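Colleague: I would like to learn how to read a model like this one, feature by feature. Could we begin with the terms and then turn to the cases?

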Amino acid sequence: MDISRRKFLQIGAVASGSVVCAGVKPASARDLREPNPEWLGMLNDTTRCIGCKACQVACKKENKLPMESTLNESANVGRDVYDAPRGLSERTYTLIKMQQDEENEKTTFVKTQCMHCSEPACASACIVGALKKQDNGAVAYDSGLCMGCRYCMVACPFNVPQFEWQNAIPSIKKCTLCRETKLKEGKPTACSSVCPAGAISFGKRSDLIKLARKRIEKDPELYQDHIYGEKEVGGTGVLYLARPKMQFASLGLPAFKYRTVAGLTESIQHRIFQYFIPPIAVYSVLGGIMYRNQSRKKNGGEEGGSHE
Amino acid sequence: MNKAAPLQLNFFTPNVWLLIFFMGSGAVFAFFRFFYGFGSVTNLNAAYPFGIWIAFDVACGVALAAGGFTTAAIVEIFGRDKYHALVRPAILTAFIGYFLVGLAVFFDLGKYYNIWHALVYWNGTSVLFEVAWCVMLYLTVLGIENIPAVVEQFKGKVNLPGQLASFNKPSEWLLGKADNILNRTMAFFVIAGVVLSFGHQSSLGTMMLIAPYKLHDLWYTPLSPLLFLTSAVSVGLPMVIFEASLATVLFKRKPETELLADIAKYIPLFLGTYLLLRIGDLAYRGVLAQAFDGSVQGNSFLVEFALFAVPYFMLKRRKIRRDALKLFLCAFSVILGVVLNRFNVFLIGMDMGPEFNYFPSVGEFAVTFAFLAFGVFLYRLGVNYLPILEEQ
């Protein structure tokens, strides 16, 4: 009797546990969605960028962002500071960073901004859907919906979304692909339209990939045969070209896998709550155990768990 | 079976004044957070958007409130009636715990006044969406599970002063109705509470899987939801033992060593399951070596693992379970293990890029301590005026 009761408890625990497992175990990345050829994006050619930061100025003007200073920051950081500001912030949506390859010590200017991913992790993570991939390709943010939980900042593999730490009522700030301004007037993004070196090309993502291919084919001496962002994290709206024998990671563009960042969480969520089968199964198992124990108590008039 | 009764002690003891002091100092920092922004109080930054308020107040808060559903499951579902005395305090602490989790989320949200958006604007792909719904529903269920204590205390005794006396009858009617309905439906809520707990305890483990390139290999595993669930189940009884031991000392009650020692026999079962899954997962993914590379994360993992493993082996021995102090220390070790595990997943194991560091500010600590103090304060209030603890 005693043994069977304990067995019963264990079986119950294992059964309910395995129901949950069944939902979790086969979690693998779901199939990638094909990027829409109509989506707009940008191609940043790091071989052309001269580091003049005209794009930064244009971005600040377009979005009416205040200036930031890195004066005296070298003392805090303990080394020379070449970037101003040092990283993206709630006041800086795009930034030219000077990257130095550790091996050949060559320096490259790399533009950073929101990548406008095909499968944005931020949009997958956002609890209220305040971040959404638009039909024109921009990943847009709706400050009216946002609760300010900052889960998008955790989710973004490029650390793009920024938070207004100094505001009593803070919002997320990031590059908008000039969705509300330039794009509405049918013009290219502010940063791309001012670049004097032709390093930033604006257009449909599909066209930009063709353009990048053409550049690589035409001048294989100058270009590495890889378009960063074509496949990384499921594809990004902003693409990069680089010199040969240069690690993209050393340009601040990590070697991310080709599957989407949110693939694992989405498939786990999906499996646990598909048709509510696992929760209902756990509920039924527990209900059955409870019913059995209570009816036994009624019949036998015996208190449970009197062993040991 | 003994009956539960309110303690009816003198409420404002020096300890309670200490709690009020902590709550007050937290409130001062909270004022700045709400009116001058996070930057005026916290050390949060672009690379560490989640700080101690999420890692401790929310992640640990939810895990440590697991005593509610584990005790309810053991007693009500698996029919182990002899542990009946432990259910009410566990359910009350779980309710207080989840209430504080909700409050902590409110403090941590930039646009706290939009908190209701989680109910209206749905994004099914978001892990947080699931966590929010489960926590909310479970808080409701816990509220309902606590009603019988209120009914028992006040039914037939409602006697409001002065003008309010006209509400005596409706209040009585309400209590009677609640008593009547809950007597027949409580089983439904008890099971719902367990299922909802399974849901969000595991989903909290899914949360940081959104960041495969930031979370350390030792914690980034598809099994994370199951590990979070099993570790929460493992810490349920240790929390009950921890609280009961403290209540014994602080309220000068007779120790319940025998009962606690008896129920503690289940802990190795749960802990063993967790440790097996944890080791199996690490070995299967081949990342065990990283635990010994001397890095902060590796060392933090080793400490975390020891905090789980040592009490597992200790509590298997009946003699240790029967020793009140050793039992308390073992329970405390499991609690610390879970706390460190949540910190590892949410903070220590998160490499958010170079040039950024995070250590909680004084203000963040003050607010967290204020929440803890508020929790103890509410518990004190509960056991003093409601029939939670059994008469001795």
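Predicted model: local features only at pLDDT ≥ 70, side-chain atom pairs only at ≥ 80, totals over all residues.

Colleague: Is B:Ala4 buried or exposed?

Modeller: The general idea is to count neighbours: a residue is buried if 20 or more other C-beta atoms lie within 10 Å of its own, exposed if 12 or fewer, and partly exposed in between, with the C-beta atoms placed from the backbone. B:Ala4 is buried, because 21 other C-beta atoms lie within 10 Å. B:Thr13, also found in the segment before α1 (14-36) of chain B, counts as exposed because it has 12 C-beta neighbours inside 10 Å.

Colleague: Which residues is B:Ala4 in contact with, leaving aside its neighbours within four places in sequence?

Modeller: Two residues are in contact if their C-beta atoms, placed from the backbone, lie within 7 Å. For B:Ala4, leaving aside neighbours within four places in sequence, the partners are B:Arg88, B:Pro387, B:Ile388, B:Leu389 and B:Glu390. As for distances, B:Ala4 and B:Trp17 are 13 residues apart in sequence and 27 Å apart in space, taken from C-alpha to C-alpha, and the C-alpha atoms of B:Thr13 and B:Ala27, 14 residues apart along the chain, are separated by 21 Å.

Colleague: How do I read a helix, and where does the kink lie in α8(B)?

Modeller: One begins with length, since the expected span of a helix is 1.5 Å times one less than its number of residues. Helix α8 (residues 224-250) of chain B has 27 residues and should span 39 Å, which agrees with the 37 Å between its end C-alpha atoms. A bend at a residue is the angle between axes fitted to the seven residues ending there and the seven starting there, and in α8(B) a kink of about 25° lies at B:Gly236, shortly before the proline B:Pro238. Because 22 of the 27 residues of α8(B) are buried, this helix is largely enclosed by the rest of the structure. Just after α8(B), B:Lys252 takes a positive phi of about 50°.

Colleague: Which residues are buried in helix α2 of chain A?

Modeller: In α2 (residues 54-63) of chain A, the buried residues are A:Cys55, A:Gln56, A:Ala58 and A:Cys59. They are on the same side of α2(A), because they cover an arc of only 165° around the axis, an arc being that of the directions from the helix axis to the C-beta atoms. These buried residues of α2(A) pack against β2 (95-100), β3 (107-112), α6 (190-194) and β8 (200-204) of chain A. A:Lys64, which follows α2(A), has a positive phi near 50°.

Colleague: What is the phi of A:Asn159, and where is this residue found?

Modeller: A:Asn159 has a positive phi of about 55° although it is not a glycine, and it is found in the loop between α5 and β6 of chain A. With 18 other C-beta atoms within 10 Å, A:Asn159 is partly exposed. A:Leu177, again not a glycine, has a positive phi of about 60° and lies in the loop between β7 (172-173) and α6 of chain A; A:Leu177 counts as buried, with 28 C-beta neighbours inside 10 Å.

Colleague: How many residues does the contact take from each chain?

Modeller: The contact takes 58 residues from chain A and 54 residues from chain B. On the side of chain A that touches chain B, the largest share, ten residues, comes from α9(A).

Colleague: Lastly, what is the mean pLDDT of chain A?

Modeller: pLDDT is the predictor's confidence in each residue, from 0 to 100. The mean pLDDT of chain A is 85, and 86% of its residues reach 70 or more; over residues 1-29 of chain A the pLDDT is below 50. For chain B the mean pLDDT is 91, with 99% of its residues at 70 or more.

Methods:
Residues numbered from 1 in each chain as written. Chains lettered and ligands numbered in written order. Helix = DSSP H or I, 4+ residues; strand = E, 2+ residues; numbered from the N terminus.
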